[in-house]
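I opened this model to go through its fold one piece at a time. My notes are below, in the order I looked things up.

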Amino acid sequence: MSEVGVEQLRERARVALGVVRPVGWTILGLGLASGAAAQAAGWRELAVLSAACFLLLLLTWPFLLGRTSVRVDLRLEPERVTAGQSVAAGVVVTNVASTRLVPTTLEVPVGSTVHRYALGALAPQVSDEESFTIRTERRGVIAVGPATTRRGDPLGIFSRDMVWTPRREVLVRPPLVPLESLGAGLLRDLEGVSTDAVSQSDLAFHALREYAPGDDLRHIHWRSSAKVMASTGEAALLVRQYLDTRRSHATLVVDDRPSVWGDQEEFEVAMAVTASIAVRAATDDFDVTFVCGAEASAGGDAHLALDSVCRADFGTAGIVATARRAVAVAPETSLAFFVTGSAGTFSDVQRAAAAFPPEVRRLAVLVEPGSTSRVTEAGGMPVLHLARKQDLGAVLRWSLR
């Protein structure tokens with residue numbers, strides 16, 4: 001037999017054995033063990049027990065017969081919420097078979113819980129809708145689904161499960177703090193941040209040079225060319241030369257090590273602070289990159305960054321390695337924030353900041369509950385000490401003056 005044939009047999013055996021639930025395996029094992037003991041010891045009681053076990057398996061097996069042909073529509077509105085808000089969820093089951101649906105059970109996992117609904121004998125093309133509410137308490141990702149029908153006996157000995165929908169997610173964002181503009185706006189984006197790369201077409205004027213064959217005639221500076229020709233008597237054309245500029249780009253680097261955070265709540269404050277800065281930066285027409293350990297969103301808008309904030313969790317990378325990864329995914333960064341906890345060391349923040357080029361403006365954010373919110377400076381870098389996330393607007397405004 002070929003390897004493909006063997007693999008198909010294994011798959012069929014796995015599916016066949018998968019209909020037996022733990023209770024069924026227990027009854028089967030008890031029947032085999034009591035039968036063997038009855039034959040060895042001659043105990044009639046054990047023989048009766050063994051026969052009862054196998055009879056029970058025989059009577060419950062027919063519940064698996066038949067097919068379940070349905071269409072399941074899982075609805076979530078909205079799929080992105082702020083912590084504390086609710087999600088209106090529902091599941092619509094339609095019998096797409098030509099006969100009545102055999103009563104079955106529908107299961108919809110929501111986070112760590114499972115919603116179960118009993119589906120009756122639906123007529124062909126008839127739908128049954130069930131609604132429920134998903135309540136959110138804190139930032140994170142709530143997995144919803146997949147919706148599964150479970151067909152089997154009332155005792156739970158056998159069941160045949162069929163998956164009808166993919167796994168969906170509800171992204172719970174942290175509460176945001178309103179912030180004023182980071183100071184870039186449209187004008188700074190038009191001017192850009194100058195680099196050392198010389199260009200023939202940009203917004204940052206650099207110098208004049210002699211015309212060379214192939215230069216764009218639109219860049220000839222006619223007034224300067226006329227002055228040169230008047231003073232030297234020689235025909236000469238001068239063209240403008242520019243410096244490349246780049247669009248404003250904010251990168252947020254968050255330390256993922258549990259050891260730098262006093263507790264989970266302190267980390268949640270940092271996530272709220274980071275999300276608030278990301279939204280403000282996007283409002284100011286920045287590109288936004290977020291990196292926290294293994295989680296990253298590169299150069300997208302606020303929605304992409306906020307999705308990554310929802311998924312961020314503790315890890316082992318540390319702020320230095322995270323910053324180096326941020327440089328790789330966002331080389332065009334013009335403004336960088338380094339967020340760490342009350343137990344973090346400023347030397348790590350400095351090493352993380354050193355991973356970025358010198359022209360990048362850098363700010364450190366230290367979440368320190370129980371202290372006083374203030375702005376200090378160390379190593380030429382503003383340091384925002386945050387006792388409460390509500391103080392972010394004031395200290396950020398002071399540091400960006």
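The entries start with the whole chain and then move to single elements.

**Entry 1. Whole protein**

I note first that this is a predicted model. I counted 10 helices and 20 strands in the protein. Of the 401 residues, 42% are buried. I then looked at contacts between residues at least 6 apart in sequence, and 67% of them join residues at least 24 apart. The accessible surface comes to about 21,100 Å², and carbon and sulfur atoms account for 56% of it.

**Entry 2. Helix 3**

I checked the length of helix 3, residues 44-60. With 17 residues at 1.5 Å a residue, helix 3 should span 24 Å, and its end C-alpha atoms are 25 Å apart, which agrees.

Which residues of helix 3 are buried? I found Leu46, Ser50, Cys53, Leu57 and Thr60. They cover an arc of only 110 degrees around the axis, so they sit on the same side of helix 3. On the other side of helix 3, I listed Arg44, Glu45, Val48, Leu58 and Leu59 as exposed. Helix 2 (22-41) is included in what covers the buried residues of helix 3.

I traced an open sheet of 3 strands, in the order 1-3-6, with antiparallel pairing. Its edge strands are strand 1 (70-77) and strand 6 (127-135), each of which pairs on one side only. From one strand to the next the twist averages 15 degrees.

I followed the pairing of strand 1 with strand 3 (residues 86-95), which is antiparallel over 8 bridges. Glutamate 77 stands opposite alanine 88 in strand 3. Proline 78 lies in the loop between strand 1 and strand 2 (80-82).

**Entry 3. Backbone exceptions**

I kept one general point in mind here: most residues other than glycine have a negative phi, and most peptide bonds are trans.

Where is the other cis bond I noted, the one from glycine 145 to proline 146? Proline 146 is in the loop between strand 7 (140-144) and strand 8 (148-152). Omega for this bond is near 0 degrees.

I logged glutamine 125 for its positive phi, near 65 degrees, in a residue other than glycine. Glutamine 125 lies in the loop between strand 5 (113-119) and strand 6. Its relative accessibility is 53%, so glutamine 125 counts as exposed.

I logged aspartate 285 as well, which is not a glycine and has a positive phi of about 70 degrees. Aspartate 285 is in the loop between helix 6 (264-283) and strand 15. With a relative accessible area of 35%, aspartate 285 is partly exposed.

**Entry 4. Hairpin of strands 15 and 16**

I moved on to strand 15 (residues 287-292) and strand 16 (residues 295-300), which run antiparallel and are joined by 4 bridges. Valine 288 has glycine 300 in strand 16 as its bridge partner. The two strands form a hairpin with 2 residues between them. In the turn, glycine 293 has a positive phi of about 60 degrees.

Is strand 20 mostly covered or uncovered? I found it mostly covered, with 6 of its 6 residues buried. In a regular strand the side chains alternate between the two faces of the sheet. I sorted strand 20 by direction: Met381, Val383 and His385 point one way, Pro382, Leu384 and Leu386 the other, and all are buried.

I looked up two pairings of strand 20. Strand 18 (residues 361-367) runs parallel to strand 20, with 4 bridges, and valine 367 stands opposite leucine 386. Strand 19 (residues 374-378) runs antiparallel to strand 20, with 5 bridges, and valine 375 stands opposite leucine 384. Strand 19 and strand 20 form a hairpin with 2 residues between the strands, where glycine 379 takes a positive phi near 60 degrees.

**Entry 5. Aspartate 391**

I ended in the loop between strand 20 (381-386) and helix 10 (392-399), which holds aspartate 391. Why does aspartate 391 count as buried? Its relative accessibility is 19%, and the cut-off for buried is under 20%. Leaving aside neighbours within four places in sequence, I found aspartate 391 in contact with Ser373 and Leu386.

Methods. Residues are numbered from 1 along each chain as its sequence is written. This is a predicted model: local features need pLDDT of at least 70, side-chain atom pairs count only at pLDDT 80 or more; totals for chains, interfaces and linings use all residues. Side-chain values use heavy atoms; hydrogens and water are left out. Buried means under 20% relative accessible area, exposed over 50%, partly exposed in between (1.4 Å probe, protein chains only). Contact means heavy atoms within 4.5 Å. Accessible areas come from the Shrake-Rupley method with a 1.4 Å probe; for residues, only the protein chains shown count as cover. The expected span of a helix is 1.5 Å times one less than its number of residues. The arc is that of the directions from the helix axis to the C-beta atoms. Two strands pair if DSSP finds at least two bridges between them. Axes are lines fitted to C-alpha atoms, for helices over the stretch in contact, and angles run from 0 to 180 degrees between N-to-C directions.
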